[in-house]
Structure formats: structure tokens, C-alpha cells
Amino acid sequence: WAQVGRVPRRCVWRRFVAPPPPPITSDDMACASRMPGLPEPYEVMGVSKEEYDSSASLQEAHAYLEACGVPRLMESLLARVVLDKPQDLRQYLVQRLQEMQDGGGSPSMGCFTEEDLSTMFDMWDALKVGALPAPKVAESLRALGCSRGKEDDVVAGFVGSLDASVDKPTFIKIVRAQLEACFSSPAFQGKA
């Protein structure tokens, strides 16, 4: 700031203007489609961005994990662990994985229950009016990682437009359908 005092006033803006942003690359577009707040692939793999970008085998490993639904599987298992707080963690994880394998073709909402969806609606409906604006349903789908990038279209498909209100049974129907589509997909089941 001391230097600002020495710079003529007409030069201050030129001096502190940010340079133009770099052009958007395909790598930037790939990251833009990811859920906000999640670590980048190279961070998860414990390598630098440069190392990840220059290694085809790391990128292939990441693509394989994504195609098989491993990140969603892990998120689902960890969420269930936090909710249930089992005494024997290893046995609990083995049981959950066995349940997933046994239920192979049947619809699954991952770690979520009907009660969880009801509670989610009640949290959004703080004024207890019995309905939510449709964009709140889309926001719920985004937070859950469902219908990635298509949340608004999914909700509008159920209720007609994003200007509509959504009651609790419709909210549960929409979110349940999207969770089942997400968690019952062949990629999530490890069959891709």
C-alpha cells in the first residue's frame, strides 16, 4: 500500500487490473461437470496436476474408477457408516457390500431411506407450508450427485416447469427415482 501512495492516481487502476483469464480448455470443461467441493482426481491419487496430466496410466486408472462407480460407492458406504456408527466397522462394510451384491437388479437408493427423503423435504420446508419451489428439488438432486447437469430438466419433467411448487410425496417420488437411477446403474453395481 505504501507504493500506491507514490503512484499517481490515474495509474492505480492500470496497476491492479487482473490479467484476462486464460482460454477454457477441455480439461477445464471436464472439471466443470464435477460436483463442487469434491477433490480433483490428481488430489485423490496423491500426485501433482502436472504428473496426472502427463501420465496416461493415471488417467486410465481414474477413468476406470469413474466408469465402475467406485467414488459413488465409497461415498454411499461412508455416509451409511456415519449415520449408523457400527461397532464392528469391517463386518458392517462387508454386510453392506454383500447386500448390494445380493440386491443386484433391484432398485436401490444407496445409503438413503424413505425417512431420509422425508427429513430432507422437512428441512427445506422450514416454514411448514407443505410445498417447495421446484428449484429447491433440483438443488437437492445436485447436492446428492444425481442427474448430474440435468437436475432442472428432471424436475421440470416431473412437475411441468421450474415455476411449480412440489409437495412432499412428489419430492420423494422425484428424488427416489433419481437416487435409484444413480445407485442401481450397472456402472455403480460394478457391471460396466
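I am working from a predicted model here.

Where does Gln 178 sit? I found Gln 178 in helix H12, which spans residues 168–183.

Next I asked which residues Gln 178 is in contact with, leaving aside its neighbours within four places in sequence. My list reads Leu 141, Cys 146, Ser 147, Val 154 and Phe 158.

Then I moved on to a helix pair. I looked up helix H7 (residues 70–84) and helix H8 (residues 89–102), and their axes lie 11 Å apart. The two helices pack at an angle of about 130°, so I noted H7 and H8 as oblique to each other. The crossing of H7 past H8 is right-handed.

Which residues meet between these two helices? From H7 I wrote down Leu 73, Ser 76, Leu 77, Arg 80, Val 81 and Asp 84. Their partners in H8 are Leu 89, Tyr 92, Leu 93, Arg 96, Leu 97 and Met 100. Sorting the residues of this H7–H8 contact by type, I get eight nonpolar, three charged and one polar.

Last, I checked the confidence. The chain has a mean pLDDT of 74, with 73% of its residues at 70 or more. I flagged residues 1–35 for myself, where the pLDDT is below 50. Beyond near neighbours in sequence, that stretch has 17 contacts in the model.

Technical notes:
Residues are numbered from 1 along each chain as its sequence is written. This is a predicted model: local features need pLDDT of at least 70, side-chain atom pairs count only at pLDDT 80 or more; totals for chains, interfaces and linings use all residues. Side-chain values use heavy atoms; hydrogens and water are left out. Axes are lines fitted to C-alpha atoms, for helices over the stretch in contact, and angles run from 0 to 180 degrees between N-to-C directions. Helices (H or I, at least four residues) and strands (E, at least two) are DSSP runs, numbered from the N terminus. Angles under 35 degrees count as roughly parallel, over 145 as roughly antiparallel, 65 to 115 as roughly perpendicular and the rest as oblique. A crossing is left-handed if the near helix is turned anticlockwise from the far one by less than a right angle, and right-handed if clockwise. Contact means heavy atoms within 4.5 Å. Ala, Val, Leu, Ile, Met, Phe, Trp, Tyr, Cys and Pro count as nonpolar, Asp, Glu, Lys and Arg as charged, and the others, Gly among them, as polar. pLDDT is the predictor's confidence in each residue, from 0 to 100.
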